[in-house]
Each structure stands twice: as C-alpha cells, then as structure tokens.
Amino acid sequence: MRAAVVVFPGSNCDRDLAVAFKAAGADVEMVWHKDSDLPQDIDIVGIPGGFSYGDYLRCGAIAAQSPIVKSVKAHADRGGYVMGICNGFQVLTETGLLPGALLRNAGLKYICKTVGLKVETSASDYTAGYNAGDVIDIPIAHHDGNYFADDETLKRLQGDDRVAFTYTDNPNGAQADIAGILSENRRVLGMMPHPERAADAGHGGTDGAALFRALSGALQTA
Amino acid sequence: MKARVHVMLKNGVLDPQGEAVRHALGALGFDGVNGVRQGKVIELDLADGTSEADVTQMCEKLLANTVIESYSVEIG
C-alpha cells in the first residue's frame, strides 16, 4: 500500500496518520498543499485532522480549493481511495466527494474524549476488519462535527449501507448519530473520530488499528 | 465597486450559536426574543465592471456552502 498524507497549514494529525499507515505496512509520502500533483502510484490519500488554513470561512472550505485537493478529487474520480479524518472529513464534504456538511456541535463546545462507535457495515475496505454491530472506542476532538444532510441524502446513505460508523451516545447532535460515511463506490471514507489516535498500545486503546490493517490488506493485493 | 454578501444557515438547519445568543438575551431580561439566527456578512471590494453573475459564482464556489447555507448579494 502506498499512501500519501496531505499537509495543509494548520494540519496537526498528519504525522499521527502517517505513523498509523506505516504501522500497517504502508509506504507513506507527505504531500504539501501547494503541490499540484500526487506522487506516482498512490493507492490512498489521507486527509488529516487539524485546522486547515485556520478553518477560516468554514471548516475545510479553503482547503477544498487548494491545488493538491484538485488532484485528490481526480484520484477519487479514477476510483482511488481517499480517507478524511476530522478536518479531513470536513474537507471532503466541502469538495463534494462526500455528501452533507459538518455543523457546529449542538452543545457549542469543543469536545475531546473517547467515544463508543458502532460499526454499521463491514462491507468496505476500511471496515472489513470489524463485524457490523461491533462497538469500538475511538477518540473524538472537534468543534464542528455535527453531521447534517437533507432527508433524501440521509435515506440514500442508510439505504445504500454507506453509513460506516455511528455514535453509541451522540456527542454532537449529528443526524442519525452519524460519525462516518462512505462514498458510492465505498472507497472514500470521511469520519469525525480519530482511528489514528487509537492505533498503538501507547495511545491507551488500539481499536482503530484494525481499520488500517484491513486497508493495508485490501490494497496489498490490489 | 462594492458588493456585500449575506450568508445564513438555511431554514431547518439547526443554528446552535443563534440559540445560545437567544438564551443569553433572555438571561439579560430581554423577553419576547422568539428566535435568533446568526449569519455572516462578507464585503467585497471589486474591480469596476465585475458582474453580479461573477459574485454569484463566488458565492456558489466558495463563500457559501449551499448544502447548509443560503446567500444573498447586495451590489453597491
């Protein structure tokens, strides 16, 4: 598996994500936001958490217009894998690669804690290492993680089995308790919780490691 | 020329900040504030001849996220 991790000014989970990819056996290249092209033969692009461009205007809005994200979109359009975590999820909704938007948390507070996530589907290369219905412990750290989509979009996501994770105890007001969703071809994942922060025994939990292992297994044989 | 863009969360999209402001106004003794919606105003200083259609494009592409926000443009 060859992974690229995009670094925006204000990204702060980029190295954590790179470490998690490497631990799962990936070759990782960091890509600067001003680069216009991804490195050759990249299987998956990781868009990390943080506060890209200070989250000015809206979270992820400026990043979605950056040169590298144009290449990320082209990569996704070719059927490439893209994974956006936290701010990365916000960037993916702003680009339109994933539907909906992330609003301010309903309780208005920034929330940083470990939450229970229910795995809603194991039918993706991200979630194949879990069983549907498993509950895993993964940290969240966000101010704008309140997933919103119109009713029609929600129905489509649920009907097509594209909800990857839901919160067991909704911390932020997200519609239908949604914590993470998949694209139509199931190769783009956006999620607010941070699996890369639960991928090593030193983190205090390793429930996120199975996601990176499953991905690595799927992309090794690809 | 100047343009002023008003961006608001769409009706039906929860505005927790507006709600917090409404609560704060109530706490200050302002009764009868039934609702508060908070948005933003973006002022653009534009080269003469920029069309309203250009400003609309700016709104669609960047200034508003039309999944959750509506916008209006005031020229001049």
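A:Cys86 is buried, since 30 other C-beta atoms lie within 10 Å; a residue counts as buried if 20 or more other C-beta atoms, placed from the backbone, lie within 10 Å of its own, as exposed if 12 or fewer do, and as partly exposed in between. Although A:Cys86 is not a glycine, its phi is positive, at about 60°, and its place is in the loop between β4 (81-85) and α3 (87-95) of chain A. Helices (H or I, at least four residues) and strands (E, at least two) are DSSP runs, numbered from the N terminus.

A:Leu108, also not a glycine, has a positive phi of about 70° and lies in the loop between β5 (101-103) and β6 (111-119) of chain A; with 12 C-beta neighbours inside 10 Å, A:Leu108 counts as exposed.

## Basis of the model

This is a predicted model, in which local features need pLDDT of at least 70 and side-chain atom pairs count only at pLDDT 80 or more, while totals for chains, interfaces and linings use all residues. Residues are numbered from 1 along each chain as its sequence is written, and chains are lettered from A and ligands numbered from 1 in the order in which they are written.

Chain B has two helices and three strands, which follow the pattern β-α-β-α-β along the sequence. Its C-alpha trace spans about 50 × 25 × 15 Å along the principal axes, and buried residues make up 12% of its 76 residues.

The contact takes nine residues from chain B and 12 residues from chain A, two residues being in contact if their C-beta atoms, placed from the backbone, lie within 7 Å.
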